[in-house]
Amino acid sequence: MTQGDLSRFGRDYIESGRYIQKIFPALGVRFIALTDHYDSFCADAGESEIILPVKNFINDSYCRDISTKVKSQLVVKRKAGECTSAFAVYGYQKSERDKSQLVIDDYASEIVRGIYEWKILGMSVSAIAAKLNDLHILSPREYKKSQGLNYRGGFFWGKESRWSSSTVKRILTNEIYLGHLLQGKTEKINYKIKKSVQKPKEEWIRVENTHEAIISANDFAVVQNLLQVDGRISIERGKVSLFSGLLFCGDCGEQMVRRISRYKDTSKVYYICSTKNRGEGCSRHSIEENVLAELVEISVCKYVNAFLQQEKLFQKVKAREKNMEYVIKCQKEMARLKREQNKYYKLCDGLYGDLGRGVVTKDEFERLHTEFQRRAEQLQRAQKEQEKFLQKIFQSGVALVSRLMEFQNTLELGKIDRYTLTSLVKRIYVYEKKRIEIDFYFQDEFQMMQKLSGGDKKAEISARREA
């Protein structure tokens, strides 16, 4: 017997009907719904075969309608930048004043910063996980439980969850630490099934700058680059090599491997192509570590100095910070898009004359005019997107000046360190005869600042700087 109505028993009209009309009678079970005045023992055919199925169908429809409304409301909240998850991600906590907003957790955020710092210094994700466990730092799951939260996440084995490579990897790749929210990654198959499926990345809801960032955009970009190669700690030295994860063969594109040549009481450290090391072709591309360090240090110093160009560059850029019209004029792609757009507008104007002279029919006029107008509007949208891109590049370029000044001061103090190197350099390509090319970060910003400070003056360094 159910104390409420039929909806309390079940809202899937097919399953509810099957139980009430088939399974219960076969088992000799008497079913009573007090509110709906239904008793299977004394119900007539009309109640069992007409009224009961209709009521179950209405209950099912109500459940489906509620599910649709809840999903729609969640989408609205996510697009508004509100956090809809039950628990905040590690490093943050729900605001006491507004549970839809995230605020930084002072303790956990320091652990997150440490994880990023260790990765930049060259540690692998497995080494970071091992270090966190050795330091007896609570894993995200255990930390939430210690805060009194009834959290039951995945990736759990045994009585107590520990840090693992997958946990560290999720932290190192999560854009939430940049201050952005990415939600709606999964959805339930339908309102009748609890199982969720992964949604395509293009359908995720991404809202920027919804909360305070823990990690800088530059450090995040550096880590994503390093994750593709993953550094390894040297057994002999007990720490990661300066160039770990950054060196690649200029010809075959494979990573360079570090080798130590020992003779009597001396040793020489050098790098060779991993393809050649495996005996699969290519050539050695051999270069000594001290020679490489000297070449890289010179190139990095030149790059930073060229970017800064004394204080005059900074002052010129600052003076034009709000003058986006000047920025747009310096961009050739914007000029090309504008010329293309004007061409289609002229074609549209010319069609009126062709129609009047009988060169084109009315049907041809409408078809061509619609197409030319569509292309012009398409180019207009492309210009707006390009303007947004230029503005973003420009603003980040201004912000990077002060950051690069810090690197400049570091370089003046002595040899380049791992953090400075990974913060400025994406990859180093090694060729024969000790020739290297360096792929730097911030190249778009550099070129933009060059144009702003010198108009059409050619940039002094290329995206890949040869040394």
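Does R418 count as buried or exposed, and at what relative accessibility? At 8% relative accessibility, R418 counts as buried, where buried means under 20% relative accessible area, exposed over 50% and partly exposed in between, with a 1.4 Å probe and protein chains only. The structure is a predicted model, in which local features need pLDDT of at least 70 and side-chain atom pairs count only at pLDDT 80 or more, while totals for chains, interfaces and linings use all residues. Residues are numbered from 1 along each chain as its sequence is written, and side-chain values use heavy atoms, with hydrogens and water left out.

The chain holds 16 helices and 15 strands; these are DSSP runs numbered from the N terminus, helices being H or I with at least four residues and strands E with at least two. Of its 467 residues, 40% count as buried. Contacts, defined by heavy atoms within 4.5 Å, were also examined by separation along the chain. Among those with a separation of 6 or more, 63% come from residues 24 or more positions apart.

R418 itself lies in helix 15, which spans residues 418–424. The side chain of R418 reaches the backbone oxygen of S244 at 2.9 Å and the backbone oxygen of I120 at 3.1 Å. Each is a polar contact, a term for a pair of N or O atoms within 3.5 Å; within protein, one atom must be able to donate a hydrogen and the other to accept it, and residues adjacent in sequence count only if both atoms are side-chain atoms.

Axes are lines fitted to C-alpha atoms, for helices over the stretch in contact, and angles run from 0 to 180 degrees between N-to-C directions. Angles under 35 degrees count as roughly parallel, over 145 as roughly antiparallel, 65 to 115 as roughly perpendicular and the rest as oblique. Helix 4 (residues 106–120) packs against helix 5 (residues 125–134) at an angle of about 140°, and their axes are 10 Å apart. That angle makes helix 4 oblique to helix 5. The crossing of these two helices is right-handed; a crossing is left-handed if the near helix is turned anticlockwise from the far one by less than a right angle, and right-handed if clockwise. On the side of helix 4 the contact is made by I111, I115, W118 and K119, and on the side of helix 5 by I128, K131 and L132. These residues divide into five nonpolar, no polar and two charged. In this grouping Ala, Val, Leu, Ile, Met, Phe, Trp, Tyr, Cys and Pro count as nonpolar, Asp, Glu, Lys and Arg as charged, and the others, Gly among them, as polar.

With helix 7 (residues 165–172), helix 4 packs at an angle of about 95°, with the axes 10 Å apart. Helix 4 and helix 7 are therefore roughly perpendicular to each other. V112, I115, Y116 and K119 of helix 4 make this contact with V168, I171 and L172 of helix 7. The contact comprises six nonpolar residues, no polar ones and one charged.

The axes of helix 4 and helix 8 come within 9 Å and cross at roughly 55°, and the two helices are therefore oblique to each other. Their crossing is left-handed. In helix 4, Y116, K119 and I120 meet D219, F220, V222, V223, L226 and L227 of helix 8. Seven nonpolar, no polar and two charged residues form this contact. Helix 8 (residues 217–227) is mostly covered, with eight of its eleven residues buried; among them are N218, D219, F220 and N225. At the start of helix 8, a side-chain oxygen of S216 reaches to within 3.2 Å of the backbone nitrogen of D219.

Two neighbouring lysines were considered next. K433 lies in the loop between strand 13 (425–431) and strand 14 (435–440), and K434 is found in the loop between strand 13 and strand 14 as well. Phi of K433 is near 60°, a positive value in a residue other than glycine. K434 likewise has a positive phi of about 60° although it is not a glycine. K433 counts as exposed at 79% relative accessibility, whereas K434 is partly exposed, with a relative accessible area of 41%.
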